[in-house]
Amino acid sequence: MYQPRHLVSLLSALFASALVAEIPNDFEQAFEERCKSVAAVEFFIQNEIDRSPLKAIGVVLDDQGHVVLMEGSVPHWIPPERFKNFKVRVLGKDHEGWDATYLGQNSVSNWHYIQIEESGRDAFTPITQFGEGSSKIGSFSWGIATMGEDWNYTPYFLSGRVSASKPLPWYITFSDNSVGTPGSVAFNAQGEFIGWIGTPTTDEKVIILQGRKYQAAVQMVRESNAFLRADEFYRYSKEIPSSATGQAIPWAGIAGMQSLDRDVAEIMNLNNQGALVISDVIEDGPAATAGLQSRDIVVGIEGEPLPKLVPGVITGRWFEKEIAKRQPGDKLTLDIVSGNEGKQIELVLGQQPKPLKEAERQYFDRLGFTARELTMVDALARREMNSDVQGAVVEFIKPNSPVQSAEMQIGDWIVEVDGQEIGDYASAIAALNSVDQDSARDEFVILVERNNETKVLRAKLN
């Protein structure tokens, strides 16, 4: 009779044999072909005083050279004109790469797009060439991982078994092992495309220091076991933005939504569906105009109940995606519970206020900082629920500059410059230009708001 350890060894051997059986004899060629659907992308961000290099992995979509990058690959708050020198490289090749153009960010998926110059497109293979496959629980999955820049992004093989699939709010599939690098692609045993590899899950580890145990969350950087399902990827990846700025993005005028507490949901007989509590409503925004109020509970959209998603925060993301799929001017019917009353409210979606990347900004080299136009993001951070926010905020501070010596901080809200009250961005720039261009000036005083407190800063210029 087998002992338990013998049984484990036998099962491990059988499992390894099953994996080998699912890999075809000509796999090396198939692997190399699919590596051409993955691109290494390099570019710079032009800052006020230097350049910062960034790198990402993307998927080649079509023979027109379109490449899609994950949401976090390109900073969404930086003006697109600051993105410089995009280069796209074939994995594992010692080549400087081909030029590419940044096309923008899709407002529904939040993915970024670039386009390879025409002369380099034939070096890549669109992911659509490998079809769309399924990934059932327990099925074999494999993907492409990449080394770093010093290794010319050399690709290598990873594999595992599909272990779970959950709507988060789009369907994410999980493998028992890492299957590739975030931004790369995953396939099934038949070599069909089954998913776009995303952010890895976090493992909980126990660290013992000086005899004491500590729980730590550990996350892989270069490898991931999670991927967006292929059908979800294809549904949204072809929606390439027509412009890097100026997109018509719908806006409901709601600041924050929290999933309804489970106990409260059970009391309200809402435990079999999703429900979202509105945190704040922006003054004069679409929701406020329609009559929505803070603490109202949204239970349905267009006559359909909200889906019940786990964890509860996913329901809020689902709602945001539903808004993003529409256009400014579209009507949206919400089923809500306000107090003890259930009712329907129809709101007309507005145009999203100016995003950070489109805000005006100016750098003052002599003073040593950048002033940026206030946006809705700044207002919400200060609990200002007014859609018509005005003013200027400190965005960048040059090291060893006059304002750094005066203890200015990034995020300071500019209130006065040399006693002149700042009412909007234009008045802030005019006052700062006056100081910056006055070569005889040896100091200036700036009043800022920080953490709901007013600070008086005196900066010496000479």
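Tyrosine 363 counts as partly exposed, at 23% relative accessibility; buried means under 20% relative accessible area, exposed over 50%, and partly exposed in between (1.4 Å probe, protein chains only). Phenylalanine 396, its ring partner, is buried, with a relative accessible area of 17%. Please keep in mind that this is a predicted model, where local features need pLDDT of at least 70, side-chain atom pairs count only at pLDDT 80 or more, and totals for chains, interfaces and linings use all residues. Residues are numbered from 1 along each chain as its sequence is written, and side-chain values use heavy atoms, leaving out hydrogens and water.

**Aromatic pairs**

- The whole structure holds 25 aromatic pairs (Phe, Tyr and Trp rings, the six-membered one for Trp, with centres within 6.5 Å; planes under 30 degrees apart are stacked, over 60 edge-to-face, the rest tilted).
- Phenylalanine 43 and phenylalanine 86 are stacked, at 4.4 Å centre to centre and 15° between the planes.
- This pair links strand β1 (residues 38–46) with strand β4 (residues 83–90), its members being 43 residues apart; strands are DSSP runs of E, at least two residues, and helices runs of H or I, at least four, numbered from the N terminus.
- Both phenylalanine 43 and phenylalanine 86 are buried.
- Tyrosine 363 and phenylalanine 396 have ring centres 6.0 Å apart and planes at 65°, so they pair edge-to-face.
- Tyrosine 363 sits in β23 (residues 361–364) and phenylalanine 396 in β25 (residues 392–397), so their pair ties together parts 33 residues apart in sequence.

**Helix α6**

- Nine of the 12 residues of α6 are buried, including Trp318 and Phe319.
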